Amino acid sequence: MTEKSVIDEGRQISLAIEMIQLGARLQVLQTETGISRRRLINLYKEIHGESPPKGMLPFSTDWYVTWLPNIHSSLFYNVYLSLAAHPNRDRMQSVVSAYRLYLDQVPLGDDGKPVLGLTRAWMLVRFFESDMMTLSTCQRCHGSFVNHALSLDRDFVCGICQPPSRAGKTRKKKAAARMTH
Amino acid sequence: METDHLLDDIREVNLSYLLLMQRLINTDREAAMFRLKIDDEMADLLSRIPVSELVRLARCNQLLCHFSLQDADQLHSLVRANSDDRMRQVHAAILLGSNERRAANDRRQSERRQGERRQGDRRIHDQGPPDGVERRVEERRQDERRGAEDRRQGPRRAADRAEEGDTRKEHRGADGRHG
């Protein structure tokens with residue numbers, strides 16, 4: 001760490017900027033780049049105009065198997081895997097490009113934010129790397145979906161082929177439907 | 001008459017497909033490779049072919065592009081679905097993504113095992129992260145299985161063990177995972 005390459009640092013900073021713009025939390029940046037915390041905080045403030053949020057990252061794998069998040073994270077992870085399969089490509093760069101491709105394909109959620117944030121997407125990749133999650137193949141549509149590792153998935157059917165009875169029917173949507181009628 | 005029109009249409013689709021490919025690759029190579037499901041080599045080549053060549057290439061009575069859904073099941077689950085449009089779009093994206101990855105995995109596997117007999121369960125191939133991890137998990141599983149087997153067998157004669165070892169080696173060879 002005594003020798004610092006300026007070019008390398010520049011590259012890392014541009015990656016950090018890209019990630020902050022996509023909504024990465026500070027912990028992600030600290031893990032994935034070699035930039036000091038102080039500089040990262042300054043970067044964050046410059047881009048978002050406010051201090052980075054404090055507190056722990058979302059650490060539960062359960063979130064990824066609930067209905068809508070599961071669909072979105074499966075989409076993201078499928079994209080990520082096909083990007084990461086190419087040799088000589090930086091891992092974090094793959095996460096960022098996969099996330100951009102994911103954003104292209106999905107509509108924004110009700111609150112104007114995507115269902116899967118970059119931080120959560122990154123956590124998902126890490127969960128896979130530590131064997132906490134696996135991909136299960138849906139028996140009806142043969143798509144790959146995110147699932148807990150070591151779960152019994154012989155008869156797995158995905159949440160789109162067989163949605164849970166009240167999936168996607170939120171109170172907000174009902175109210176909106178009533179307003180339009 | 002009718003077929004002439006159809007053939008013209010096919011050629012037209014071919015040309016616009018080739019041109020679209022080239023445009024996609026030249027704007028964002030990485031994204032294009034994902035969207036078009038092509039590899040590095042193909043992307044390089046496609047971006048360099050002049051339009052006149054593309055026109056010549058498009059003059060063919062069969063389509064150059066290929067239907068990406070794997071089987072009738074997939075098509076059925078997309079068409080029949082009673083979910084809304086947005087969900088259908090996401091579903092299609094997931095299916096295409098996983099098909100592509102599975103195809104790429106298969107290609108890589110077959111390259112790796114060229115000449116070897118291919119057995120073993122397909123389930124392993126299309127699941128889990130690429131490369132190292134799944135191999136590691138599989139090896140670990142095999143070790144555990146072997147350990148459990150040994151425990152179950154209890155103390156036995158040395159000759160028996162040697163024999164067993166031989167058959168196991170054969171078994172592993174047939175599996176083709178440790179090639």
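Predicted model: local features only at pLDDT ≥ 70, side-chain atom pairs only at ≥ 80, totals over all residues.
Student: What makes Leu150(A) count as exposed?

Tutor: Count C-beta atoms, placed from the backbone: 20 or more others within 10 Å means buried, 12 or fewer means exposed, and in between is partly exposed. Leu150(A) has 11 C-beta neighbours inside 10 Å, so it counts as exposed. You'll find Leu150(A) in the loop between strand 2 and helix 7 (171–180) of chain A. Leu150(A) also has a positive phi of about 65°, although it is not a glycine.

Student: And why is Lys37(B) called partly exposed?

Tutor: Lys37(B) has 17 C-beta neighbours inside 10 Å, so it lands in the partly exposed class. Lys37(B) sits in the loop between helix 2 and helix 3 (40–48) of chain B, and has a positive phi of about 60° without being a glycine. For background, most residues other than glycine have a negative phi.

Student: How do you know that the length of helix 5 of chain A agrees with its residue count?

Tutor: Helices are DSSP runs of H or I, at least four residues, and strands are runs of E, at least two, both numbered from the N terminus. The expected span of a helix is 1.5 Å times one less than its number of residues. Helix 5 (residues 91–105) of chain A has 15 residues, so it should span 21 Å, and its end C-alpha atoms are 21 Å apart, which agrees. Its buried residues include Met92(A), Val95(A), Tyr99(A) and Tyr102(A).

Student: What do the buried residues of helix 5 of chain A pack against?

Tutor: Contact here means C-beta atoms, placed from the backbone, within 7 Å. Those buried residues pack against helix 1 (6–21), helix 2 (26–32), helix 4 (67–84) and helix 6 (118–129) of chain A, together with helix 2 (29–36) of chain B.

Student: What makes strand 1 and strand 2 of chain A a pair?

Tutor: Two strands pair if DSSP finds at least two bridges between them. Strand 1 and strand 2 (residues 144–148) are joined by 5 bridges and run antiparallel. Thr137(A) stands opposite Ser144(A) in strand 2 of chain A. In strand 1 (residues 133–137), 5 of its 5 residues are buried; in strand 2 of chain A, 4 of its 5 are.

Student: Why is helix 1 of chain B called oblique to helix 2 of chain B?

Tutor: Axes are lines fitted to C-alpha atoms, for helices over the stretch in contact, and angles run from 0 to 180 degrees between N-to-C directions. Under 35 degrees is roughly parallel, over 145 roughly antiparallel, 65 to 115 roughly perpendicular, and the rest oblique. Helix 1 (residues 2–27) and helix 2 of chain B pack at about 140°, with their axes 6 Å apart. That makes helix 1 of chain B oblique to helix 2 of chain B.

Key:
Residues numbered from 1 in each chain as written. Chains lettered and ligands numbered in written order. Contact = placed C-beta atoms within 7 Å.
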